[in-house]
Amino acid sequence: MPLAHGEVHVHFYSLDVESAELQRLEQLLSADELARAKRTLNRTVRNRFIAGRGILRRILARYLEKEPECVVFAEGEQGKPYLADRAEHQKLRFNLTHKHERAALAVSGGSELGIDLEELRETIPFCRMAERFFLSKESEELLSLPPEQQLAAFYRCWTRKEAYLKGLGTGLTRPANSFGVSLLPGQPPILDDLQYPELGRKWTLHDISVPVGYCAALAIEGEPTALTCFPWT
């Protein structure tokens, strides 16, 4: 089922699967992926990696109309995966994020993108993190909110920044305070790239609806013609 140019689908799935399903997913992995899994000593982490890669292959295979085990990946300089086949890469872009047992996969018809999913944790020192990773304006806006609204605002800012950095393929090798995003309640997601203004104007941010206790954001190069989020399962 090929995606039209600019169309975006977001899939959610669990990385904790039954043993029989894990064995089926393991059979879809490449030799390199199996070797990577074997090097992972923590059993839970290893099983989630196998499940994540296997399900990723299944989903992408449907768009590519090929068998999951025939999907071939390559990686950018900072480890961002993409489809190794040039023609497939031009038609289909994807980005994956996971938090513990939950994963979110964004797929687009030819537009570069990034997605981030976080679980809200009240114990994190979010004020100190904001001082270190956010712009001064963002930190000030965060602290201007009532205390009960600050944690959600922190994660709104964090996921929007992470999604953009993942979309660019830089990860945190580029400082998160080299660009700004909106974070106040009721504000639409806005991106202001102070370091590369022209680049920032090409990208748009979108909040992704997830259950209470989580926060997710999508960054995409351009404005998506359609954005579909499949049910959280």
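The residues lining the largest pocket divide into eight nonpolar, eleven polar and eight charged (Ala, Val, Leu, Ile, Met, Phe, Trp, Tyr, Cys and Pro count as nonpolar, Asp, Glu, Lys and Arg as charged, and the others, Gly among them, as polar). The model is predicted, and local features require pLDDT of at least 70, side-chain atom pairs count only at pLDDT 80 or more, and totals for chains, interfaces and linings use all residues. Residues are numbered from 1 along each chain as its sequence is written, and side-chain values use heavy atoms, with hydrogens and water left out.

The volume of the largest pocket is about 650 Å³. Pockets and cavities were defined on a 1 Å grid over the protein atoms alone: a cavity is a set of points where a 1.4 Å probe fits but cannot get out, a pocket is an open set with protein on both sides within 12 Å along at least five of seven lines, and lining residues have an atom within 4 Å of a point. Grid points are joined across faces, edges and corners, and a volume is the space filled by probe spheres set on the points. Arg36, Arg53, Leu96, Thr97 and His98 are the closest to the pocket centre among the 27 lining residues. Two or more lining residues are given by each of helix H3 (43–64), strand E4 (93–99) and helix H7 (147–168); helices (H or I, at least four residues) and strands (E, at least two) are DSSP runs, numbered from the N terminus. H3 supplies the largest share, six residues.

Strand E4 also belongs to an open sheet of four strands with mixed pairing, in the order E4-E5-E1-E11; two strands pair if DSSP finds at least two bridges between them. E4 and strand E11 (226–229) are the edge strands, each pairing on one side only. From one strand to the next, the twist averages 15°. Strands E1 (residues 7–14) and E5 (residues 102–108) run antiparallel and are joined by seven bridges; Val10 has Ala106 in E5 as its bridge partner. Helix H3 packs on this sheet, where it touches E1, E4 and E5, and its direction makes about 150° with that of E1. Contact means heavy atoms within 4.5 Å; axes are lines fitted to C-alpha atoms, for helices over the stretch in contact, and angles run from 0 to 180 degrees between N-to-C directions.

One cavity of 30 Å³ or more was found in a search of the whole structure. The largest cavity holds about 40 Å³ of space and is lined by Phe133, Trp158, Lys161, Glu162, Leu172 and Ala176. By class, four of these lining residues are nonpolar, none polar and two charged. H7 contributes the largest share of this lining, three residues.
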